[in-house]
Amino acid sequence: QVQLVESGGGLVQTGGSLRLSCAASESTFLIHAMAWYRQTPGNSRELVAGISSDRRTIYADSVKGRFTISRDNAKNTVYLQMNGLKPEDTAVYYCNAGSMGTSFYPNYWGQGTQVTVSS
């Protein structure tokens, strides 16, 4: 069973920055691609960014140039650096461990962390 624990969410003003972290179980982290999704009320979860085990990355068009996903295999942690935040980035952000080709295929979910961007 993969366990994922997110942290780093909060309230920030438009144009500000946040860094989300997701700590994963040691037994599973190295073999999985990792991703961040987000969800707003009444909508399905959407992929924000993904990173493969060999550090290939994919991004949603809406966050390209503003968000950066990275992973630290020594710490079993994946990060999402979010710069230039906009009110439309407000959502619950979820970490996922899955697989990645040209798209990301989600499998295990974290509990989510709230990001709120005020205008």
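Which residue forms a salt bridge with D61? The partner is K64, and the closest N and O atoms of the two side chains lie 3.1 Å apart. A salt bridge here is a side-chain nitrogen of Lys or Arg within 4 Å of a carboxyl oxygen of Asp or Glu. D61 itself is exposed, with a relative accessible area of 64%; for that label the area must be over 50%, while buried means under 20% and partly exposed covers what falls in between (1.4 Å probe, protein chains only).

Before going further, a word on what you are looking at. This is a predicted model, in which local features need pLDDT of at least 70 and side-chain atom pairs count only at pLDDT 80 or more, while totals for chains, interfaces and linings use all residues. Residues are numbered from 1 along each chain as its sequence is written, and side-chain values use heavy atoms, with hydrogens and water left out.

Let's stay with charge for a moment. Side chains of opposite charge can pair when their charged atoms come close. The model has 5 salt bridges by the cut-off above. The strands named here are DSSP runs (E, at least two residues), numbered from the N terminus. Both partners are tucked away: D89 is buried at a relative accessible area of 1%, and R38 is buried at 6%.

D89 also forms a salt bridge with R66, where the closest N and O atoms are 2.7 Å apart. R66 sits in the loop between β6 (57–59) and β7 (67–72), 23 residues from D89. Like D89, R66 is buried. Through shared partners, salt bridges join R38, E46, R66 and D89 into one network.

Now for the covalent link. A disulfide is a covalent bond between the sulfur atoms of two cysteines; the cut-off used to call one is a pair of cysteine sulfur atoms within 2.5 Å. By that rule the model contains 1 disulfide. C22 and C95 make this link, with their sulfur atoms 2.1 Å apart. The angle about the S-S bond is -80°, and the link of C22 and C95 is left-handed. C22 lies in strand β3 (residues 18–24) and C95 in strand β9 (residues 91–100), 73 residues apart. C22 is buried, with a relative accessible area of 0%, and C95 is buried with 0% as well.

Definitions and conventions:
Helix = DSSP H or I, 4+ residues; strand = E, 2+ residues; numbered from the N terminus.
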